[in-house]
Amino acid sequence: MSDLDQVTLNAGEKSVVLPVIKPTLGNDCVDISKLTKETGYFTYDSGFTATASCKSAITYIDGDKGVLLYRGYPIEQLSEKSSYVEVVYLLINGERPDAAQLKAFNEELAAEATVDASVNTLIGSFAKDAHPMAILTAAIAQLSGIYHASLDLSDAEQRRKAAVRLIAKVPTLSALIYRHGKGLPANTPDTSLDYVSRFLKQTFESADGQYELNQDVVKALDLLFILHADHEQNASTSTVRMVGSTGANPYASVAAGVTALWGPAHGGANEAVLKMLEEIGSADNVESAVVKAKDKTSGFRLMGFGHRVYKNFDPRAKVIGVMTGKVLEQLGVQDPLLDVAVKLEQAALQDDYFVARKLYPNVDFYSGIIYKALQIPTEMFTVMFALGRTSGWVAHWLEQQVDPEMKIGRPRQVYTGSDVRDYQG
Ligand code: CMC
């Protein structure tokens with residue numbers, strides 16, 4: 001990066017000197033906030049490909065080098081040495097907890113895991129085959145009906161508590177949504193268990209409370225949650241921040257984040273990957289799938305491939321790629337879709353189209369195969385992503401609430417409609 005402290009922009013007869021913001025890591029940013037006032041020009045950047053929407057100290061991505069850091073710690077190290085709950089603490093507090101802080105945090109999450117009985121009524125009102133992301137959105141929004149009245153956003157402890165509540169309750173909501181879809185009776189979380197085990201037991205226990213925890217499953221899910229926990233200003237986190245910027249409560253903000261995550265270009269890709277692999281069906285059909293993905297008229301893309309920021313391997317995909325075979329072996333699962341996925345990855349990585357566009361497997365490419373091996377139904381995959389990402393969403397919401405430069409998010413537009421005209425007749 002250059003060492004410029006400012007850049008000058010010439011706009012006809014006017015010229016404006018714009019300061020350059022220096023981040024700890026990453027590209028320098030030209031601060032254009034006074035551009036319009038001084039020149040009358042707006043800037044245009046569809047999809048925010050070159051625009052920083054905020055300052056943040058939570059997560060750093062170097063897309064060219066395939067680097068992902070949470071609060072400075074490389075994702076590879078956190079995946080190997082940490083746990084999801086420790087990562088959550090790190091994301092929302094900025095530092096890793098010591099043993100006593102981690103224990104207290106686990107206890108607080110357990111104490112907050114139970115949900116109001118009215119949530120069961122809401123979930124029960126949905127059709128059994130309603131998409132779980134629709135129900136999750138509604139159930140999180142309902143939490144604002146339960147807690148909003150008492151929430152004072154200017155009180156730091158109340159904000160923290162609301163954040164913890166969301167992280168604690170989203171697994172409970174997810175388990176109840178799964179059970180509703182399967183026609184299983186609603187149940188309560190076992191608060192004697194750790195975060196991930198609690199979710200698994202509540203999800204899968206039989207009507208008479210039986211479920212045998214498998215530590216390989218617990219570990220695999222814990223790791224997936226770590227990998228999904230945060231990813232700086234992605235579409236859903238930016239949505240949470242946009243809604244949060246209006247002063248809306250954190251439950252409403254996170255509910256909006258869930259809807260943004262649902263789309264197949266974002267978190268919905270994990271569900272789309274599995275459907276795509278099933279459609280491809282066998283390794284013999286991989287070549288024709290690659291041909292179709294390159295054909296712009298086909299409307300088909302390789303799901304789980306490509307990323308706005310990573311123009312090199314997604315480091316999360318590297319970790320998941322290694323763990324997929326291991327988890328399937330540990331669980332004694334033989335899934336022919338894994339062969340299809342491996343062949344598809346190899347074919348795409350050797351194809352000029354994908355090489356030239358720097359399209360690599362992303363976090364969603366293999367995660368679905370693991371979720372499937374863990375007996376999680378395809379339509380619940382994006383809920384699993386939401387479950388892990390809730391920690392990132394609330395970390396960003398908390399950070400935003402104390403950002404002295406925070407303003408309501410209100411982009412401008414390039415108007416392309418009709419010029420002014422008179423109403424005739
Ligand atoms: N298959 C085929 N072609 C692709 C793909 C793909 N998966 N992704 C991008 N391209 C092509 C695209 O057609 C374009 O080609 P050209 O330059 O000839 O017009 C070029 O690559 C650049 O694509 P783009 O759409 O301009 O890139 P983007 O940064 O706007 O989109 C993306 C990023 C992730 C939405 C896109 O790569 C995609 O649709 N991937 C499939 C969906 C997916 O896996 N999403 C999960 C993302 S990671 C997890 C998450 O964020 O939730």
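## Second largest cavity

The lining of the second largest cavity divides by class into 3 nonpolar, 4 polar and 2 charged residues; Ala, Val, Leu, Ile, Met, Phe, Trp, Tyr, Cys and Pro count as nonpolar, Asp, Glu, Lys and Arg as charged, and the others, Gly among them, as polar. A cavity is a set of points, on a 1 Å grid over the protein atoms alone, where a 1.4 Å probe fits but cannot get out, and lining residues have an atom within 4 Å of a point. Volume is the space filled by probe spheres set on the points, which are joined across faces, edges and corners.

## Basis of the model

This is a predicted model, in which local features need pLDDT of at least 70 and side-chain atom pairs count only at pLDDT 80 or more, while totals for chains, interfaces and linings use all residues. Residues are numbered from 1 along each chain as its sequence is written, and side-chain values use heavy atoms, with hydrogens and water left out.

## Annotated positions

An unreviewed UniProt entry lists H307 and D364 for "active site"; such annotations may be inferred rather than shown by experiment. Although spread over 58 residues of sequence, these positions cluster in space, with a largest C-alpha distance of 10.6 Å. From this set, H307 belongs to the lining of the second largest cavity. H307 is found in the loop between helix 13 (286-294) and helix 14, helices being DSSP runs (H or I, at least four residues) numbered from the N terminus.

## Ligand surroundings

Of the 22 residues around the ligand, H266, R301, L302, G304 and R308 come nearest; a residue counts as near if one of its heavy atoms lies within 4 Å. This shell comprises 11 nonpolar, 6 polar and 5 charged residues.

Oxygen atoms of the ligand lie 2.8 Å from a side-chain N or O atom of R308 and 3.0 Å from one of K296. A nitrogen atom of the ligand is 3.0 Å from a backbone N or O atom of A265. The protein covers 75% of the 930 Å² of accessible area that the ligand has on its own, as given by the Shrake-Rupley method with a 1.4 Å probe.

## Largest cavity

The largest cavity holds about 50 Å³ of space. Helix 7 (156-182) and helix 8 (195-204) each give two or more residues to its lining, and helix 8 supplies the largest share, 4 residues.

Notes:
Polar contact = N/O pair within 3.5 Å; in protein donor to acceptor, adjacent residues only side chain to side chain. 1 Å grid on protein atoms, 1.4 Å probe; cavity = no way out; pocket = protein on both sides within 12 Å on 5 of 7 lines; lining within 4 Å.
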